[in-house]
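Subject: Structure handover

Hello,

Here is the structure I promised to pass on.

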Amino acid sequence: MMPDRWEQDAFKTRVDEVLRLFIAQEAEQFTAIDPALGPVAEQLEAAVADGKRLRAAFCYWGWRAGGQPDSDALVRAAASMELVHAAAVVHDDLIDDSALRHGRPTTHIALRGAVRHRPRAATAARSLAILVGDLLMGLAGQLFTTSGLPAAYLSRARPLWSVLARELIAGECLEILRTGAEPDTTASLKVIRYKTAKYTVEQPLLIGGALAGAGRRLSEGYSAYGLPLGEAFQLRDDLLGLFGDPERTGKDNADDVRGHRPTALLAETWRLAGDGDRERLRALLGRGDLDEDGLRAVREVMRRLKAPHRVESMITERVEEALDALHELNVPAHAAAALAALAHSAAVRVS
């Protein structure tokens with residue numbers, strides 16, 4: 001059972017165990033259909049092997065802040081948020097053509113081995129990865145509905161799943177539509193809000209709250225806290241993506257630049273840049289063959305214009321906004337303390 005004092009590592013262990021057992025059982029049943037499905041089943045398990053379990057934690061504390069006690073059934077329901085994330089990651093890596101995640105080959109790269117002797121092997125592997133992501137999203141709903149919580153509780157939260165899926169997919173679509181376009185901070189922040197902020201913090205909180213029977217005022221408070229914090233989380237991710245240590249992030253630093261993705265970091269750089277710097281950036285952004293020298297040149301422009309400092313300020317502003325909203329919430333002290341600690345975990349990190 002989880003004590004009132006927030007112990008994030010202990011909670012992560014509980015969620016990890018739920019996911020490990022659930023996905024192992026599903027992978028076994030999947031492979032039982034045909035042994036040829038083994039490599040696909042392995043990727044189901046790989047997709048949930050890592051993670052900070054922040055989304056599950058926000059769902060858990062959406063429940064606890066609503067006055068409910070610790071519950072193993074709730075932890076199972078909260079763990080379903082991590083399957084939503086795993087599905088989004090598999091699809092996002094495919095869309096972005098990313099080769100690494102957590103220092104390991106992404107799903108569509110790993111599955112090339114299963115089809116290496118087939119015609120158009122890379123395309124076949126990408127098709128398999130799409131299906132892995134689809135299956136993970138379906139399993140998220142299954143884990144949620146079979147969590148052991150009363151049907152009346154689940155029915156209160158079920159409408160929020162449609163909102164979560166709609167907004168997450170809208171954010172992914174907006175990112176695709178904005179990729180390669182002239183950088184714009186307002187547009188980038190909208191992508192961040194719908195692609196990441198909502199399903200990372202706000203929606204898990206709201207779902208946990210709905211399960212607990214939270215009223216409108218508390219739900220509005222969750223959104224006031226969750227949206228700016230979710231944006232801060234992704235802004236930090238943008239900085240780590242380009243300036244972080246790949247050994248800790250497990251990602252390629254050049255991904256966002258090679259993909260000419262609509263990050264707020266790039267948008268702020270563009271906003272601050274003069275004609276000369278913009279011309280230099282145009283020559284480097286979106287180049288699939290960008291080497292270390294090209295990446296260094298992009299970083300040099302960003303640092304000289306103090307764009308990373310501006311993004312740091314945006315993170316600070318949003319964390320402060322979230323904490324101000326948290327202080328206005330009438331929730332138990334242990335829940336407020338946990339949500340404050342989670343704000344720090346989400347926005348101040350190195351991976």
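Predicted model: local features only at pLDDT ≥ 70, side-chain atom pairs only at ≥ 80, totals over all residues.

Residues are numbered from 1 along each chain as its sequence is written, and side-chain values use heavy atoms, with hydrogens and water left out.

**The two domains**

The protein chain is assigned domain 1 (1–149) and domain 2 (151–350). These bounds come from an automatic or database domain assignment. The C-alpha centres of the two domains are 21 Å apart. Contact (heavy atoms within 4.5 Å) involves 38 residues of domain 1 and 42 residues of domain 2.

Together the domains bury about 3,400 Å², with 69% of it on carbon and sulfur atoms. Buried area here is the accessible area (1.4 Å probe) that two parts lose on being put together, summed over both. R55, F58 and F144 supply 21% of what domain 1 buries against domain 2, more than any other three residues.

A salt bridge is a side-chain nitrogen of Lys or Arg within 4 Å of a carboxyl oxygen of Asp or Glu. D92 forms a salt bridge with K195, and their closest N and O atoms are 3.1 Å apart.

**The domain 1 side**

Helix 3 (54–64), helix 4 (72–96), strand 1 (100–101) and helix 6 (121–145) each supply at least two residues of the side of domain 1 that touches domain 2. Helices (H or I, at least four residues) and strands (E, at least two) are DSSP runs, numbered from the N terminus. Helix 4 gives the most to this side, with 10 residues.

**Pairs across the whole structure**

The whole structure holds 5 aromatic pairs. Rings of Phe, Tyr and Trp (its six-membered ring) pair if their centres lie within 6.5 Å; planes under 30 degrees apart count as stacked, over 60 as edge-to-face and the rest as tilted. F11 and Y60 form a tilted pair, 5.0 Å centre to centre with 50 degrees between the planes. F11 lies in helix 1 (residues 8–33) and Y60 in helix 3, so this pair ties together parts that are 49 residues apart in sequence.

The salt bridge count comes to 32. E231 and R193 meet in a salt bridge at 2.7 Å, N to O. E231 sits in helix 9 (residues 216–243) and R193 in helix 8 (residues 185–212), so the pair ties together parts 38 residues apart in sequence.

Best wishes
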